[in-house]
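Subject: Structure for you to look at

Dear colleague,

Please have it open while you read.

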Amino acid sequence: MSGSVVDNTVSPGNSSVAIPTDISGQILDLDEDDDLEVFSKDTTPTDGSSFNASMQTSPASMINQYKFEEDAEDTKDIFVTVDNPESHVTAIETYITYRVVTKTTRSEFDSSEFEVRRRYQDFLWLKGRLEEAHPTLIVHPLPEKFVVKGMVERFNEDFIETRRRALHRFLNKIAEHPIFSSSEDFKIFLTAPSGELSSHKKQGPGFLSRMGETVKAVAAAVRGVRNRPLEFTEMQEYVEAFSQKISSLDKVTQRIVREQKEYLEEVKESGPAYALWSQSEEELAEPLKNVAGCVDRCCKETEEQVKNLNDHLIPVLHEYVLCTDTLKAVLRRRDNIQADFEAKTEALATKKADRDTMRDDLDKAEDRLEWANNALKSDWTRWQKVMRTDLRSAFVDTAERNVSYYEKCLAVWESFLHSQRTDAEGNGNVDFS
Amino acid sequence: MADSGSEDIAVIGNTDLTPSESENNLKNTMAEKGTSLLKMMEISVAEAEKRTGKNAVNMQETYTVYLIETRPVDAASEGTNPVPDSLWRRYSEFELLRNYLLVTYPFLVVPPLPEKRAEFVWHKLSADNMDPDFVERRRVGLENFLLRVASHPDLSSDKIFYSFLTEENGWKETVFETGFQAKADSRLKALNATFRVKNPDKRFAEMKHYGDELQSVISQLLRVRARAADRLYGVYKVHGNYGRVFSEWSAIEKEMGDGLQSAGHHMDAYAASVDDILEEEEHYADQLKEYLFYADALRAVCRKHELTQYELEMAAQDLTSKKQQREELATGMIRTFSLKGMTSKLFGQETPEQREAKLKMLETQIEEGEELVKERNAECEEFVKSAWVDIERFKEQKDHDLREALISYAIMQISMCKKGIQVWNNAKECFSKM
């Protein structure tokens, strides 16, 4: 193994996490991993330009970008980054690929470092596979295909950068998930060269079997579930309410951005107005020019603040809006599994023929249901923690940036006051009490 | 109270302005203790009240009256607090006073009144003259006007001004009795002079130009400010929605609930804070507006100069032409074309007696004309001298006041930033408890 991942927080003797073959044991063992917070903030390249983005590739420096909460040992053994978008032009289409870099100490990986290029479709495929394999686990949402409302062109720099960050968060959420991170599809996604990935993709369950699943799901949905356990009903109610709240927050934040932009439009004109005035004045020229400068500087800070909201808070809120769709889907799927079980129970009670096969089916359905319920319960707890952390740090971050904004503007105006005071004290004619 | 002088002698006194310390921004810029009037009395516009009454065409109308209080200066130092003398005046009486001053002292930059109607408003302020905020700001503006007049070295000793402050009844009649309205120049006359004057004093031409520029830049600034204020209001108020949503959200969360709830309160506080911020900014706008209107007063002085100069030029021109006529008549040479000359050619020459009579008349006219030119010349010179002194005084006052205004603007911005820092730090603490 060359270039092993070394940093202060990984104890040298720590071996990679064993991937259990028996998944049910893993579910029951789901613990809160404090080190999940390591990747809950998105990384932003220091120079901010998407096409030249080069991520700092050493994990140590990646860790240094985040604040740790009081976590003792860090058992993170896989680090994934998404960067370096590139445009590809073929005869048929133009598309963007992103570089995906993986560094890991896990033994099931052949090497400790991988670099592949992936396009949005590949991410979609991965998500689909994970959802199929684990219908009642919560997969973090992907950024949307394209933003209609913002009328953003697909290859606009800002759009690509926003998408890159979201894809990065997506992969990291997968990597942090105790079940998903050991998925074979995930491993292939991270490591296989493009050709291999394509052929692996083709091997998935065929169209017909996918159709079959869909038909079953529709039938189950039509049947409806009878005795939904209270906790899942409560979950559903929570998801409904949460969905409204997070949606509102998303809208409010977007509205704030809009209002700020309109404010900027207006206030941008006052600097030049003061400057123009200073040209007609003698004694007043200096303070007027000074004020013009201050107003211009504050404008720049306001622009920065708006950009921050757009780049940091809004994407996170938006992701959690998408999350609620995922949650609703997961709850539906669980309901369907239960409906299926209930139908089979009924069938066994009423029909006389084929009792053995039916009993077999019923047992399987029961297992499926129990497994689904437990999976959902644990993942629900995990999801809530992650959500709490993500939203908390997003809002804390926003508050900090706002404080910093006001501090910068404060400094601007205080320096103006200072300049007028020294002037005045020099002339001895102004009283400042 | 005894009046110090019975004649209206222009007293050009000490023009150094020493700002006094006071909470009110506007008062801060004045209180010139140098004038004899202010040494004697304190002046304030203490209150405003709504009244209804019948107007000139016998219709019911609602209007606002303002209470002017005057109090002898030593009263405070004696420790006693006698009831101040007071009377009520409405805005139109202030206007009358100012018009009187404008006509009577055309060589002075007469302080402006606060605006008649609310202009450069942003959406929150109503343009309604009855709006309590507008009335309050007008009250402050009227007090400012009175203090400005009272602190002017020349205007402060005006009798009509004094009786405005002290005599409620019959003041209007007194003003009209001065016959000032007759002395007012017609607009047409003034406009004519502006176009036709040949040799105005360069300094006045420059001042007029400056007045135009000042009006233009301040108007622009006020417009921008009003629009920006409107937008800023929106930004702050939208944050109130955070408060509402956080509060609702906290109801469905267990651990996050407290942090969210308290963060929501801070968002509400943030949204509410914009009202105070914008009210303070309104004071700043009022300070700018005062000088916007001052620009007009400045231009009025320059226009008056143009008028006096023009009248001098006209008199001189008239004199010259009369002298020329005399010469022509005396020597019989017709140098310039004149209708009289032509008709006399057509219809025959005049008799020597007629010529003699004409010459005599011309001599008289020329004598009178020379007197007139002398008079007008003296007027012009006098005007230029006194006006320029006041303009210099005005310049200093303006530089000082506007600088103070800019400083107070900076102080406002600082206060706004400090509030922002406090709110978001508090919010941050609450968020971190989520």
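Helices here are DSSP runs of H or I with at least four residues, and strands are DSSP runs of E with at least two. In this model, which is predicted, the end C-alpha atoms of residues 348-375 of chain A lie 26 Å apart, and the span is 86% helix and 0% strand. An unreviewed UniProt entry annotates those residues, 348-375 of chain A, as "coiled-coil region".

I then turned to the place where the chains meet. There, 55 residues of chain B are in contact with 55 residues of chain A, and the area buried between chain B and chain A is about 5,400 Å², with carbon and sulfur atoms giving 72% of that area. Arg231(B), Tyr242(B) and Arg403(B) supply 12% of the area that chain B buries against chain A, which is more than any other three residues supply.

Which elements of chain B give two or more residues to the side that touches chain A? They are helix 10 (202-252), helix 11 (257-331) and helix 13 (352-432) of chain B, and the largest share, 24 residues, comes from helix 10 of chain B. The residues on that side of chain B divide into 33 nonpolar, eight polar and 14 charged.

With best wishes

How values were computed. Residues numbered from 1 in each chain as written. Chains lettered and ligands numbered in written order. Predicted model: local features only at pLDDT ≥ 70, side-chain atom pairs only at ≥ 80, totals over all residues. Heavy atoms only, no water. UniProt positions renumbered as here; feature names shortened; annotations may be inferred. Contact = heavy atoms within 4.5 Å. Buried area = accessible area lost by both parts, 1.4 Å probe. Nonpolar A, V, L, I, M, F, W, Y, C, P; charged D, E, K, R; others polar.
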